[in-house]
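Please open the model in a viewer and keep the sequence at hand.

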Amino acid sequence: MKFIDDIFSFFKGITVFALVGESGTGKSFRAKLLAQKYDINAIIDDGLLIQDDKILAGHSAKREKTFLAAVRTAVFDDKEHRDEIARALKKEDIRRLLILGTSEKMVLKIAMRLQVPPPSKIIKIEDIATKEEIELAIRSRHIEGKHVIPVPSLQIKRSYPQIFYDSIRIKLARKEKPSGTNTKVYEKSVVRPEFSKKGRVSISEAALTQMVMHCVSEFDPEIKIKKLAIKTNAQGYKLVITTDVPFGTELAGKIHNLQKYVIQNIERYTGILIESVNIIVDKISR
């Protein structure tokens with residue numbers, strides 16, 4: 001417990017930033033540019049802690065063989081994985097950290113699991129990339145299955161040779177000389193994960209409905225689902241559950257706990273992100 005308390009106390013001094021955008025919109029490609037602008041010295045990207053072109057800790061979600069396993073890795077579902085990152089953050093005395101994620105909910109989840117403060121500034125990919133640049137990145141992702149890891153190719157070839165594809169180099173002007181006469185070259189690695197070669201895994205509304213019904217029944221068999229509406233977007237799923245509950249149910253506490261139970265179990269077993277669970281009590285039954 002002392003180790004956890006020490007880490008939590010230490011991490012209060014970290015300033016956290018976040019870069020948010022849909023999958024494949026070029027977040028990893030632009031992470032270095034953003035880090036330079038805000039004097040950020042470490043990046044959390046797809047399960048890795050990166051500092052000064054080096055992988056300090058973690059393992060890449062891009063090595064996973066399935067999309068759902070990749071999502072679990074990216075949000076640090078495994079305790080040993082997130083503890084490894086936490087130890088490295090403390091050891092290297094990281095003070096400004098950039099977290100990359102597909103949604104605000106995802107970066108908040110990562111910050112919570114790593115026991116760092118929530119982001120003080122959230123930047124959207126649309127704020128730092130043009131519409132044309134984003135569309136080009138999306139085409140590269142969807143058509144060719146290419147992903148970027150913001151570290152030099154030598155590290156990726158050594159750690160993940162089975163997914164290495166190519167490398168790219170970009171020049172960034174140093175802050176002290178914005179004219180561009182003093183520049184630094186950053187190398188990034190292009191990879192093709194196993195899951196991108198095989199296609200993505202999706203969950204049908206019918207399967208998700210069955211999972212929700214099972215969760216509600218397991219939580220309290222006396223709560224009956226009358227209707228379930230499912231909405232999807234690029235960030236995740238939104239659920240609206242209409243229920244009948246037995247007379248005497250403490251609505252405030254029990255319904256809140258049911259929301260948490262549904263979210264935690266579905267995210268745990270599927271890897272998908274649940275944006276919200278809204279529960280409507282339609283009838284009090286005797």
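This is a predicted model: local features need pLDDT of at least 70, side-chain atom pairs count only at pLDDT 80 or more; totals for chains, interfaces and linings use all residues.

Next, display β10 together with β11 (residues 237-246); the two pair in the antiparallel sense over eight bridges. Within this pairing, A229 is found opposite V240 in β11.

**The nonpolar cores**

Move to the largest nonpolar core, which has 26 residues. Select I44, L49, I85, L97, I99 and V116, the residues with the most contacts inside this core. To see where the core is drawn from, colour β1 (15-20), β2 (42-45), α3 (67-74), α4 (79-91), β5 (96-101) and α5 (104-114), the elements that give two or more residues to it. Helix α5 provides the largest share, five residues.

Centre the view on I85. Apart from its neighbours within four places in sequence, I85 is in contact with I44, G47, L48, L49, A57, G58, F76 and L114. Then select F67, C215, L228 and I266, which are among the 23 residues of a second, separate core.

**The aromatic pairs**

How many aromatic pairs does a search of the whole structure find? The search finds two.

For one of them, select F17 and Y38. Their ring centres are 5.3 Å apart and their planes are at 35 degrees, so the pair is tilted. F17 belongs to strand β1, and Y38 to the loop between α2 (27-37) and β2, so the pair ties together parts 21 residues apart in sequence. F17 counts as buried, because its relative accessibility of 6% is under the 20% limit.

For the other, select F219 and Y261. This pair is also tilted, since the ring centres lie 5.6 Å apart with the planes at 50 degrees. F219 lies in helix α10 (residues 205-219) and Y261 in helix α11, so parts 42 residues apart in sequence are tied together by the pair. F219 is partly exposed, with a relative accessible area of 25%; Y261 is partly exposed as well, at 23%.

How values were computed: Residues are numbered from 1 along each chain as its sequence is written. Side-chain values use heavy atoms; hydrogens and water are left out. Two strands pair if DSSP finds at least two bridges between them. Helices (H or I, at least four residues) and strands (E, at least two) are DSSP runs, numbered from the N terminus. A nonpolar core is a set of buried Ala, Val, Leu, Ile, Met, Phe, Trp, Tyr and Cys residues joined through side-chain atoms within 4.5 Å. Buried means under 20% relative accessible area, exposed over 50%, partly exposed in between (1.4 Å probe, protein chains only). Contact means heavy atoms within 4.5 Å. Rings of Phe, Tyr and Trp (its six-membered ring) pair if their centres lie within 6.5 Å; planes under 30 degrees apart count as stacked, over 60 as edge-to-face and the rest as tilted.
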